[in-house]
Amino acid sequence: MKSGLNRREFLRTSAAIGTGLYVSGKALGADAPNKDVINVALLGAGTQGQVLMDALISAKEPGIRFVAVCDIWKDFNLRKVSRRLKQWESLGYRSTAYTDYKEMLDTEKDLDAVIIATPDFWHAEHSIACMEKGLHVYCEKEMSNTIEGARRMVQTQRKTGKLLQIGHQRRSNPRYIHCYDKLIKEAKLLGRITTINGQWNRSKESCMDIILSEKTPAIEQAVLNQYGFKDMKQFLNWRWYKELGGGPIVDLGSHQIDIYSWFLGANPKSVIAGGGTDYWKGHEWYDNVMAIYEYDTSEGPVRAFYQTGTTNSANGYYECFMGDEGTLVISEASSRGSIYREGWVEEAKWDPWAVKGYIDKSKGKLVAEKKDDAVLDVRESIPAAEYKISVTMTDPYHTPHLKNFFNAIRGTEKLNCPAEVGYETAVTVLKVNEAVQKANRLELKPEEFKV
Amino acid sequence: MKHLKVLVLLMAMTAVIGGCSKSQPANPGSDETAAPAAAETSQPAAQVEEAPASADAQTGDLKPLALVLPRPMFVGTPENLAGIENLEKPLGKPRPPFMAPEGTVNLALNKPVTSSESEPITGDLTMVVDGDKEATDGSVIELGPFKQWVQVDLGAKSDIYAVVVWHYHKTPRVYFDVVVQTSDDPDFVTDVKTVFNNDIDNSLGLGIGQDRHYVETAEGRLMDAKGVQGRYVRLYSQANNQNDYSHYIEVEVYGKPVQ
């Protein structure tokens with residue numbers, strides 16, 4: 001094999017560790033707290049649920065065991081994930097399958113946590129029910145499709161005292177943590193951040209409706225209706241529908257706008273936005289959105305632009321933080337991560353951080369390439385010098401965030417995206433759709449971010 | 001080993017990149033030369049021969065292979081491709097035409113398929129050769145973790161010029177230990193010839209491969225079989241960069257029955 005992870009070795013090791021922990025857990029006695037073994041259920045076994053389960057299996061975390069799965073697509077996703085879990089019985093996994101989440105919560109008495117990856121409009125009901133059953137919850141973003149739903153999730157988390165992690169996985173990505181902790185806060189390489197821009201553009205081919213193969217059994221119409229879907233097309237493409245999801249600004253933008261607020265240490269004070277259903281037929285949510293936020297930070301005002309489009313993939317996805325001394329361009333895609341020193345800033349000022357290993361001078365481009373047809377123009381600034389971010393990540397993108405969740409259950413870490421943070425981001429992002437709809441600048445008061 | 005009757009050559013094509021002339025690579029999916037040889041070679045369990053080189057074969061009337069490609073579809077959260085060893089750079093443009101003798105057809109279509117797992121996690125084995133190459137969930141079969149294989153019975157000994165495989169192309173993904181072999185022996189004990197092998201550390205015990213890891217796309221992976229002969233084609237794999245499972249959307253085997 002081939003990647004950083006030798007899966008066969010891992011499986012042998014994990015199988016041994018899993019068995020050992022199971023025995024040691026039993027030895028503690030039924031009433032003893034046993035955080036070595038954490039029993040997990042997956043609620044929502046679609047594509048994203050499978051991504052999270054795969055990331056967790058890859059995480060090699062001893063003692064984390066899937067013991068149940070629930071999905072309304074009985075004859076396809078539920079069957080698939082249940083059969084996958086059966087492959088890992090040697091790790092202590094169980095493959096019990098449910099179509100009714102209430103039945104699962106009533107039946108599975110030894111559950112500790114639930115991973116929720118259902119469509120956004122189910123997040124509040126599912127999360128609240130799980131926490132009220134005494135279970136810790138990892139809930140995919142968007143926290144809810146409504147601010148009211150997200151608010152109730154925060155309230156339930158406080159009432160029950162259970163952990164609620166929202167799936168903004170960049171919050172646990174070591175590359176992002178390095179940029180914030182080391183490059184921005186400690187080394188202050190950007191100087192004063194004044195402007196942000198970011199985007200997630202996808203090609204037309206990536207945004208076509210998902211269609212059901214003739215060979216794939218559909219969900220019964222009565223079941224679809226029972227769970228709030230008009231038909232299979234809406235079930236498969238729920239992100240495009242109002243009342244069910246939030247469109248690309250929520251599906252894609254939420255991950256990145258969350259980083260804006262994290263790195264600035266502030267919530268926005270206003271948003272203006274434009275967008276529309278300009279290209280795709282039959283989609284309810286805007287297929288392109290451009291938004292501008294205003295932030296007041298401890299260092300001064302910041303304006304932040306964000307765009308998402310579904311017809312052209314130009315320049316992919318990234319976030320760009322611009323300060324008066326440097327620029328950070330980062331993306332979840334590990335291949336993109338550079339920090340640029342403004343031309344007027346002395347190289348010697350950044351050298352100690354290169355020596356310390358915070359930035360990689362050797363892989364950057366310290367001297368801008370000369371253009372043959374360029375002439376010295378006093379109106380142009382001196383080109384910035386490029387350094388690479390020195391931290392890489394080879395795990396699946398969701399693995400560190402899941403690890404953080406389980407480490408929080410074990411009491412060794414604090415959640416990186418607890419309910420309150422998820423709520424602030426939900427407000428920030430859901431307000432964009434409102435701003436588009438109203439065609440107005442929306443003032444965002446500090447109390448709107450509080451529960 | 002029987003000598004080849006037909007020469008299969010990639011279309012002679014010169015690309016001008018960055019002011020330098022660059023000849024067509026041996027591997028049609030890569031713009032880089034083959035990976036360096038691994039340090040040690042373990043003895044494979046079965047009798048295995050490498051497929052003969054194109055240069056050993058004879059010239060015939062060549063036509064571009066007419067491949068029907070599925071709809072490209074990269075959706076969902078992107079997957080992390082960082083840290084994968086021996087990964088070739090994407091070609092960055094459509095694959096050039098593959099030249100094969102006139103009369104070459106897909107011999108695998110609707111032929112019998114067997115597998116290391118009689119019942120896949122999803123789908124059934126007939127889907128591997130049903131002509132459906134779409135990325136949607138209903139078009140792919142999933143096999144469990146560890147070493148897995150699917151095998152197509154072409155029905156008769158055939159000259160094989162190319163094998164095209166679509167493991168999965170819903171997201172950019174890299175499959176590990178991809179080995180493709182042909183044989184006249186359905187058990188692949190004797191007369192085994194290797195068409196493709198990127199098992200860089202001999203995880204499967206079939207020998208260390210010299211081919212590179214590659215990113216799956218809607219184009220599928222075209223493997224030059226150089227006119228090797230055989231009745232059966234077996235495709236191995238073991239996990240991918242995202243999860244521990246093996247997937248097959250479609251396998252096509254281009255050739256002609258031996259006259």
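Predicted model: local features only at pLDDT ≥ 70, side-chain atom pairs only at ≥ 80, totals over all residues.
## Where the domains touch

Between the two domains of chain A, 18 residues of domain 1 are in contact with 25 residues of domain 2. On the domain 1 side, the elements that supply two or more residues are α3 (74-86) and α6 (147-160) of chain A. By residue class, this side of domain 1 of chain A holds 8 nonpolar, 4 polar and 6 charged residues.

## A residue in helix α4

A:L105 belongs to helix α4 (residues 101-107) of chain A. Is A:L105 buried or exposed? A residue is buried if 20 or more other C-beta atoms lie within 10 Å of its own; A:L105 has 23 such neighbours, so A:L105 counts as buried.

Leaving aside residues up to four places away in sequence, A:L105 touches A:A129, A:C130 and A:K133. Of these, A:C130 is 25 residues away from A:L105 along the chain, yet their C-alpha atoms are separated by 7.4 Å.

## Strand β15 and its partner

Strand β15 (residues 385-389) of chain A is largely enclosed by the rest of the structure, because 4 of its 5 residues are buried. β15(A) pairs with strand β13 (residues 337-341) of chain A in the antiparallel sense, over 4 bridges. In β15(A), A:A385 is the bridge partner of A:R341.

Conventions
Residues numbered from 1 in each chain as written. Chains lettered and ligands numbered in written order. Contact = placed C-beta atoms within 7 Å. Nonpolar A, V, L, I, M, F, W, Y, C, P; charged D, E, K, R; others polar. Buried ≥ 20, exposed ≤ 12 C-beta atoms within 10 Å, placed from the backbone. Pairing = 2+ DSSP bridges.
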